[in-house]
Amino acid sequence: MNSTTARDRRFWNPYLAGALSGLVLIGSVGFAGKFFGASTTFVRSAGMIEKMFSAERVSQMDYFMKEAPVIDWQWMFVVGIFFGALIAAKISGTYTLQALPDMWRRRFGTSILKRASAAFAGGVIAMFGARLADGCPSGHGLSGSAQLAVSGFIALICFFIGGVIAARMLYKGRDAQ
Amino acid sequence: MNTLIYGLITGFLFGFLLQRGSVLRYDRQLGALRFMDMTIVKFMFSTVLVAMVGIYLLKDFGIVVLTVKPTILGAVIPGGLIFGIGWGLLGYCPGTSVGAVAEGRWDGLWGVLGMLAGAGLYAEAYPELKKTLLTWGDFGKITLPQALGVSHWVIIPIFIVGGFFLFYWLEKKSL
């Protein structure tokens, strides 16, 4: 009935992988004093890109003074995610070159332009929201909740409410497939 | 320099585990938002429950200090909801979009580009937001135990028991 939940033997149990990530987070906090986060890196990177065109303007913008366009711990953390996922996919033989997610294709067809537009727009909206909320599912969802931060729990609940609304609108009237 | 290397190693391990947990996928993320496949919830909650115990132990021994983000209702509620809507459209969050591209799901790249644009857009809006939304309902850097006036060792076991009930229920429903 629900084929997506059938456990694929090429992957690990999500509870195990999740719990191990919890140990990695504890280690990171213990050794480096750093909590997981990802969205600030997009601000720093946007600042680096804008600096190539108008360095003077960037240097005077409030937000880029607050989150300077430099490479820091979190920036390297995000780069690390890329390589960790790449190596894991390669050595387990689960690297999957795919332009369109299966669920998306069944609902919206094979147009790459359509997917690119939705994903780009989604990215713009998501990052604007993440910066307003001061964190994403890593910073608020994992690091915030693990510290029992009130902001983390509120953010996590709002992330899901917003996401469920968007998913309802996109897949309205479709049966589980 | 050490800080940067720690960042790279930590990210590598986390990215490795995200891939092994099969959460770097649109289908998994939308699966959770459509209540069809709760893999990402299992992963996230397992991470949080384990980390919660370890971080508070380290804190009690004076080894670490918490880095709690302030609870500003005017920012975190609308920001969270806006993030959620974008997340539902994109199907990846900031960290997983990068990981998805790494495992070959390159539609994540549109998301990465969009998120860079979104970050630039927010930087433009920030001076205005700083005077408005970001000042509304500011409760400071509070944690749940502080807000309730109880020890964190009262809260943590409740979360763990609640988490196990949730996991049991998800498995029973084959979600």
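1. In chain B, Gly15(B), Leu18(B) and Gln19(B) of α1(B) meet Thr96(B), Gly99(B) and Ala102(B) of α5(B); two residues are in contact if their C-beta atoms, placed from the backbone, lie within 7 Å. The residues of this contact divide into 2 nonpolar, 4 polar and no charged (Ala, Val, Leu, Ile, Met, Phe, Trp, Tyr, Cys and Pro count as nonpolar, Asp, Glu, Lys and Arg as charged, the others, Gly among them, as polar).

2. The model is predicted: local features need pLDDT of at least 70 and side-chain atom pairs pLDDT 80 or more, while totals for chains, interfaces and linings use all residues. Residues are numbered from 1 along each chain as its sequence is written, and chains are lettered from A in the order in which they are written.

3. Helices α1 (residues 2-20) and α5 (residues 94-102) of chain B pack at about 70°, with axes 10 Å apart. α1(B) and α5(B) are therefore roughly perpendicular, a label for angles of 65 to 115 degrees.

4. Chain A has 8 helices and 0 strands, where helices are DSSP runs of H or I with at least four residues and strands runs of E with at least two. Buried residues make up 53% of its 177 residues (buried: 20 or more other C-beta atoms within 10 Å of the residue's own, placed from the backbone).

5. Between the chains, 116 residues of chain A are in contact with 109 residues of chain B. α6(A) gives the most to the chain A side, with 18 residues. That side divides into 79 nonpolar, 29 polar and 8 charged residues.

Definitions and conventions: Buried ≥ 20, exposed ≤ 12 C-beta atoms within 10 Å, placed from the backbone. Axes fitted to C-alpha atoms, helices over the stretch in contact; angles between N-to-C directions. Parallel < 35°, antiparallel > 145°, perpendicular 65-115°, else oblique.
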